[in-house]
Amino acid sequence: MGRLVHFEIHVSDMERAKDFYGNVFGWSFQDWSDYAGMPYFGAVTGVEDEHGIDGALMQRQGPSPEPNQAMNGFACTMGVESYDITEAKILENGGQVAMPKYALPGMAWQGYYLDTEGNVFGIHQPDKNAK
C-alpha cells in the first residue's frame, strides 16, 4: 500500500500562505500546531465525498526555494473547473506564473505557478477539446 494520503506545503509566512490558498482554492484550515510542536495548519481542500486529499501548511524549517532552481520534492496539482478564472485568482493573490498554460491534447489544460512562499504548484482543468 503506497497511496498518497496527506501533503505538506512548507511556508515561511503562515498567515500569507493561508490567505493565498484560502482565497484561490477555497481551502479552510485547522490549527494543529499543538500536535506538531510548530506552526502547522491542517488544510481541508474539499468535501469528504469528493475525490482528493487533505494536507497541511507547515512552518518552513530552512531557506526558501531559490528562483529557477530545479524541483526539489513534489509538485501538488489542483483540479479546477476554470483554468482562466483560477489563474486570475492566483495572480491577484500574489502568485506568479512558473510555466504558462498548455494543452494536454484531448485531456486537459495544465500550467504551473509559484505561491507566495516560492513553492511550485500546478492547476489542471479537464477538457477533451484541449489542443
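Predicted model: local features only at pLDDT ≥ 70, side-chain atom pairs only at ≥ 80, totals over all residues.
1. Residues are numbered from 1 along each chain as its sequence is written, and side-chain values use heavy atoms, with hydrogens and water left out.

2. Let's begin with helix 1, residues 14-25. Helices (H or I, at least four residues) and strands (E, at least two) are DSSP runs, numbered from the N terminus. The 12 residues of helix 1 reach 16 Å from first C-alpha to last, close to the 16 Å expected at 1.5 Å a residue; the expected span is 1.5 Å times one less than the number of residues.

3. Which residues of helix 1 are buried? They are M14, A17, K18, F20, Y21, V24 and F25, where buried means under 20% relative accessible area with a 1.4 Å probe, protein chains only. They lie on the same side of helix 1 because they cover an arc of only 160° around the axis, taken from the directions from the helix axis to the C-beta atoms.

4. Now look at the ends. D13 caps the N-terminal end of helix 1, with a side-chain oxygen 3.3 Å from the backbone nitrogen of E15. Just after helix 1, G26 has a positive phi of about 75°.

5. Finally, the sheet is open, with four strands in the order 1-4-3-2 and mixed pairing; two strands pair if DSSP finds at least two bridges between them. Its edge strands, strand 1 (7-11) and strand 2 (28-31), each pair on one side only.

Definitions and conventions
Buried < 20%, exposed > 50% of the residue type's maximum accessible area, 1.4 Å probe, protein only. Polar contact = N/O pair within 3.5 Å; in protein donor to acceptor, adjacent residues only side chain to side chain.
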